[in-house]
Structure formats: C-alpha cells, structure tokens
Amino acid sequence: MKLKKLLSGLLISAMAVTALTACGGSSDTAVDTSQLTGPARYDEQIEIKIPVYDRGMQGQADVDNNYWTNYVQENFGDEYNIKVTYVPITRKEDVTVFNELLAAGEQPDILFSYDYPTIMSYYSRGAFQPIDEEILQLYAPTFYENTKDLQEYAMADGQLYFLTATRPKAYNWVSIVRTDWLEQAGLDLPQSREEYIEMLRKFKELKLGGEDTIPAAQSLFNAYFPNYASREYPLSEEDNAMYSDITVASLTWEPTKQELLYWNQLYNEGLISPEWMLDKDGSQMQSDFIAGKVGVYGFYLSQTPPVLQSLLENCPDATVAVLPPYSESGDPTAMAGREEWPFGMVAGISKDCEHPEAIMMYYEWLSQPENLFVMQNGIEGVTYNMVDEIPVLVDDYTGTDRLNYNSNKDMWCLVTEGKDYGSEEKNLEAQKKTYAPEGFEDLIQQSYDYYQITKDYMYTDFLFDRSIESLSQYGETLKSKWEVIQVDLITCDPDEFEAKYEAACEEYLSSGYQAVLDEKAEVYQDMTSN
C-alpha cells in the first residue's frame, strides 16, 4: 500500500487551524501570532521544560544537571533570557512516566517518543497544540528545512502537530560473539538456529567463561519482543498491522509463541543468563560480559561505559565479531526483519506550553551545525580529536565535561537520530571512527555488510492513520501482564508450556489485548477499503 494512501485518513476530521493554540484543536484560547515576529530576547525570563531520558547509567552525571545542560543554558538560554529546565524521563518506563505527568497536569513543554502509536495516543488525549507552519519556518528555519521531507509524518487530522527528527542510517547496534571462544570450541560463525544452539552448548560445556559461563546474555524483555527469526517472509500487510507495534507484546501471534518456545529451550538448557528476569535495565548482563563470562551479547557500540575496552582489560586475548542476524533463522530470505522509519524521535508541543515559539527556538539552536557538532562531540583535544577530518571521541575521558550517554544523544535526538556527514559512504567511515572503539572498527563494516544482505527482507511497522485508543487504555496493564507472563513461559518446564501458554493468552486477551486486536482490525479494514 502506498504511504500516501496510508496517511490519507489523517483528514478524518480536518480542522482549519491557522494559529498556535494553548490547548490544541479543542481550545478557544489562541496565542496572538501577530506578536510573534521572530527570535528575540525575552524582556522577562521565561522557562521551558524539556524532557530527557534517564537511563540510570552508573557513573553518569544527573541527566538534568551536568556540564552539558549548563552549556545549553549558558549558550542558548541566557542569550534569549530563557530558563531551560530538563525533566528526567525513565527510559524503560517512558510511556508510564509521560502518562503520569499528563494525568497530573505536570507534563513538560514537549512529549516525545520513538514509537509513532505512542505519540498518536498522546495526541488523541488532547496533549498537543497544533503548530503553525509559517511560525515554525520563522522561528526554526534550519530545522524546518532539514525535516520538511518528513512532514507527512508530522500531520494529524490534516494539521501539523509533530516535530520529527531526521534519521541517518546507523550500524552501531550489534549482537557480538566471542570469536576466541569459537576458536577454542572448533566452530565457525553459526549460519542456522541449529548451529547457534550447538555453539551455545559448546560454550557451556567447555566453560569458556569459567565456572559461571553464560553462553548468551539476556535481560527482561520489554514489549518490544524480538520474534523476527520466526516471522515468515513475505510478511502479510494485515499481520504487520495487527502485530508489529512495539507498545505491547504480540503474545497471541504464532511467531511470538515460537520465539517463547525457543527461549524456554535456551533457559532450560542453561544457555542464557540464569537470572535474566531480574535484570530489567540490562546492567547485569553488561557486567557479566565485561567480566568475561558471556559468549554472545547485544548492545550499542557507541554506548558508555566502554564495553569492549573494559572486556579487554579483564580478558586481554578476547576477540569478537558481529553475529550474523540470520544465524537464528538460517536464511535471510526466510525471516521478516524490522526496518526503521525514515524519521527518528517524534515530539509534540504540550497544549499547556505558553511559549511554543521558545521550543522552536530551542530546536533551531540544536539544528545549527556548529551547535549540533559541539553537543555531539564536545571539546576538541579534551573529549575528541580530529582524525582525517572526523571527530573521534576520547573513550576514557572522565572529566566533568565528558559527554553524557551515547555522545549526549538524549539531548540532541530531538533534531536527528545520528551523526550525519552528508553521504552514506562518509557516514560509514565516520561511524567506524566514532561508534566503534579503536581496534574494533571492522564491527561497523560487518554490521553494514549484514544490513545490505537483509535489508530487502525487512518491514517498517505498519503506520495507522489514527490513534489506537485501546493501546492507550490497556497498554500499561498489558505491559505489567507481559512482564509476569514472559517469565512464567520461559522458565517453566517444557512439558508445561502449552497449557501455560493457552492460559496466558486467555488472560492477556481478557485484560485488553482482544480490544486492541479488534480495534486494529477495524481501523485496518477502514483504511484498506477506501
């Protein structure tokens, strides 16, 4: 289905809104746009509240009070007489936190999400005010120019409501395997699920990580449950619409059942982290990998702390490679993977924001190349050095002006999802120098090469043209149910799985998932019948 057709339903209840309003489309109170003549210093100080992810990373500065939040205040806020207040949003619980803030009327001046249905759910609650395109061009011309091609994703009910970040393709998420372990086990990189399981069994049998060897690291699954190895290619559009969102787990879908069975096998054979269910934020599996206990581990190469460097401190002879993404299916053409949308973070301006133009000014400041460069890289000779005209971060720098998690990404992700050097070739070379630690540059190349093999068999999540109300109504309940259900199904005796799965599906459906499926089916039918 053409994207234009997918989005045509956004005109369902088109409203003729030409000015920024205080309370969205339903408000009778409008900001006097005649007074908005362009960026200027405020006579009296105003405040804007900007959410920022709090990932609970040990050793990191407070996300709402650190060198770089102060830098923004001094270089942006003070110039315009704006107090910039950062509001910590727990990353793993971001939807819950935003919903609680909305319910209490204490939401920051923007709400954001990487998940489009989540943003639409906030919109359906009247959380946002519409955005006047001319005012956006006036106050954020650089941001507007950078993102105008994404504007079709920024619309709701025929009106501009969202600010969408660009998304240059990145290759820094990797699932890596200890190749020195493979050599000791006399094995090659696995090319099928059978070979993958046999590899994990060998790791355990030979105790390649010591007495507490963990063949593959794992933590508690969130609603984003990776069932791609069990999705058959081609994936039907209807199945994609019904089951591919990342807001709630698709428990009743056959690929999810098959993946749960697979994880049940891995757990019962002792091939994954024994206390994975207690590791909600992934910190334990990271510690286990750094300690040299783990054979397979997935993470972002660009994240902090420096995982691979820390591994080498404990295991100087360790070597690693990217695990083939189809190693658990055996054939890249047999599994339907997940592709990212062309946009990154999606945000809306709160209906209660008194100065939406100040938010646009903040976006514009972040979008200026010189400002974005500093926010992404820091201080030359301190946090980074120039190598072949590319800024390379100093991984072990620990001063107070060190970058926050992932090169300050949680601060600049509002305008772009990654560092962009203008072309795929330049970005790839830059990522080798900036995302991969020194000596591990080839991991980015491996990740890129695997993407070229699998990209034609990947699907973006289905984009509904309206909010799925039942997701907002039952999402938190289903998430809580899923946390309990996954543990029960993965840790149970294999002979008990079928009965437990049937009971879990019945409970899950009655707790709101049936309502979600019914509403999705109704909306999908409405979209495809027009």
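The radius of gyration, taken here over C-alpha atoms, is compared with a globule rule of 2.2 Å times the number of residues to the power 0.38. For the 530 residues of this chain, that rule gives a value near 24 Å for a compact globule; the chain has 24 Å, which agrees. The model under discussion is a predicted one. Along its principal axes, the C-alpha trace spans about 75 × 60 × 40 Å. The chain contains 19 helices and 15 strands.

Helix α13 covers residues 356–367 and helix α14 covers residues 369–377; the two pack at an angle of about 75°, and their axes are 5 Å apart. Angles of 65 to 115 degrees count as roughly perpendicular, and α13 and α14 are therefore roughly perpendicular to each other. On the side of α13, the residues in this contact are Trp-365, Leu-366 and Ser-367, while α14 contributes Pro-369, Asn-371, Leu-372 and Met-375. Sorted by class, the contact between α13 and α14 comprises five nonpolar residues, two polar residues and no charged residues.

Helix α14 also holds Val-374. When neighbours within four places in sequence are left aside, Val-374 is in contact with Trp-68 and Tyr-71. By contrast, Asp-352 stands 22 residues from Val-374 along the chain, and the C-alpha atoms of these two residues are separated by 31 Å.

Rolling a probe the size of a water molecule over the atoms shows where empty space is left. A search of the whole structure finds four cavities of 30 Å³ or more. The largest cavity holds about 100 Å³ of space. Its lining is formed by 15 residues, of which Ala-223, Phe-225, Arg-231, Tyr-243 and Asp-245 are the closest to the centre. By class, this lining has eight nonpolar, three polar and four charged residues.

The second largest cavity has a volume of about 70 Å³. Among the residues that line the second largest cavity are Leu-136, Phe-143, Tyr-144, Lys-148, Phe-162 and Thr-164. Two elements, α6 (141–147) and β6 (162–166), each give two or more residues to this lining. The lining of the second largest cavity divides into seven nonpolar residues, three polar residues and one charged residue.

Finally, the backbone itself deserves attention. Most residues other than glycine have a negative phi, and most peptide bonds are trans. Where does the chain have a cis peptide bond? A cis bond joins Tyr-233 and Pro-234, with omega at about 0°. Pro-234 belongs to the loop between β8 (214–216) and α9 (237–243). Another backbone feature concerns phi: Glu-389 is not a glycine, yet its phi is positive, at about 65°. Glu-389 is placed in the loop between β13 (384–387) and β14 (390–393).

Technical notes
Residues are numbered from 1 along each chain as its sequence is written. This is a predicted model: local features need pLDDT of at least 70, side-chain atom pairs count only at pLDDT 80 or more; totals for chains, interfaces and linings use all residues. Side-chain values use heavy atoms; hydrogens and water are left out. On a 1 Å grid over the protein atoms alone, a cavity is a set of points where a 1.4 Å probe fits but cannot get out, and a pocket is an open set with protein on both sides within 12 Å along at least five of seven lines; lining residues have an atom within 4 Å of a point. Grid points are joined across faces, edges and corners, and a volume is the space filled by probe spheres set on the points. Ala, Val, Leu, Ile, Met, Phe, Trp, Tyr, Cys and Pro count as nonpolar, Asp, Glu, Lys and Arg as charged, and the others, Gly among them, as polar. Helices (H or I, at least four residues) and strands (E, at least two) are DSSP runs, numbered from the N terminus. Axes are lines fitted to C-alpha atoms, for helices over the stretch in contact, and angles run from 0 to 180 degrees between N-to-C directions. Angles under 35 degrees count as roughly parallel, over 145 as roughly antiparallel, 65 to 115 as roughly perpendicular and the rest as oblique. Contact means heavy atoms within 4.5 Å.
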